[in-house]
Amino acid sequence: MAETQQADLKAERKAARLAQQITSFSKAHGGAEGQVAYLGERGARIVLVGEDGNWGDLVAPSFQIAEKALEKSGITRHESFDGEFAAKVKTGRYEWSRMAGIQVGGPKND
């Protein structure tokens, strides 16, 4: 019983820390929206997209903790990363070069 309560408290603290990071991102980017993607045993990825088009991500130890963190932060949660939500992401030269590098065998070391 005590172990379960301790695990619940630990999960609650982790969700609260993630919510603080999400809130900070949101404030820095004029608001934000998010989506949670399951990563398997590793946990869940929280993808954040700011109103200014900047994006970021966080990893939570479980899908439930990720959901709780988004709930605590108060931002809009999307079920999937497609359509209008994905169109809000602005990519720059760095992202395009990294994507191209992956397609042609990775980045070159000059």
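The following legends describe close-up views of a predicted model.

**View 1. The largest nonpolar core.** This core comprises 16 residues, among which Leu18, Ile22, Ile46, Leu48 and Leu70 touch the most other members. Two or more core residues come from each of helix H1 (2-28), strand S1 (32-38), strand S2 (44-50), strand S3 (55-60) and helix H2 (63-73).

**View 2. The surroundings of Ile22.** When neighbours within four places in sequence are set aside, the contacts of Ile22 are Ile46, Leu48, Leu58, Ala69, Leu70, Ser73 and Ile75.

**View 3. The salt bridge between Lys88 and Glu33.** The structure contains five salt bridges. In one of them, the side chains of Lys88 and Glu33 meet at 2.3 Å, N to O. Distant parts of the chain are linked by this pair, with Lys88 in the loop between helix H3 (83-87) and helix H4 (93-103) and Glu33 in strand S1, 55 residues apart. Lys88 is partly exposed, at 33% relative accessible area, whereas Glu33 is buried, at 9%.

**View 4. The salt bridge between Asp57 and Arg45.** The closest N and O atoms of this salt bridge lie 2.7 Å apart. Asp57 belongs to strand S3 and Arg45 to strand S2; the two are twelve residues apart and link distant parts of the chain. Asp57 is partly exposed, with a relative accessible area of 37%, and Arg45 is partly exposed, with a value of 30%.

**View 5. A network of salt bridges.** Glu67, Arg77 and Glu79 are joined in this network. Between Glu79 and Arg77, the closest N and O atoms are 3.8 Å apart. Glu79 is exposed, with a relative accessible area of 63%, while Arg77 is partly exposed, at 30%.

Definitions and conventions. Residues are numbered from 1 along each chain as its sequence is written. This is a predicted model: local features need pLDDT of at least 70, side-chain atom pairs count only at pLDDT 80 or more; totals for chains, interfaces and linings use all residues. Side-chain values use heavy atoms; hydrogens and water are left out. A nonpolar core is a set of buried Ala, Val, Leu, Ile, Met, Phe, Trp, Tyr and Cys residues joined through side-chain atoms within 4.5 Å. Buried means under 20% relative accessible area, exposed over 50%, partly exposed in between (1.4 Å probe, protein chains only). Helices (H or I, at least four residues) and strands (E, at least two) are DSSP runs, numbered from the N terminus. Contact means heavy atoms within 4.5 Å. A salt bridge is a side-chain nitrogen of Lys or Arg within 4 Å of a carboxyl oxygen of Asp or Glu.
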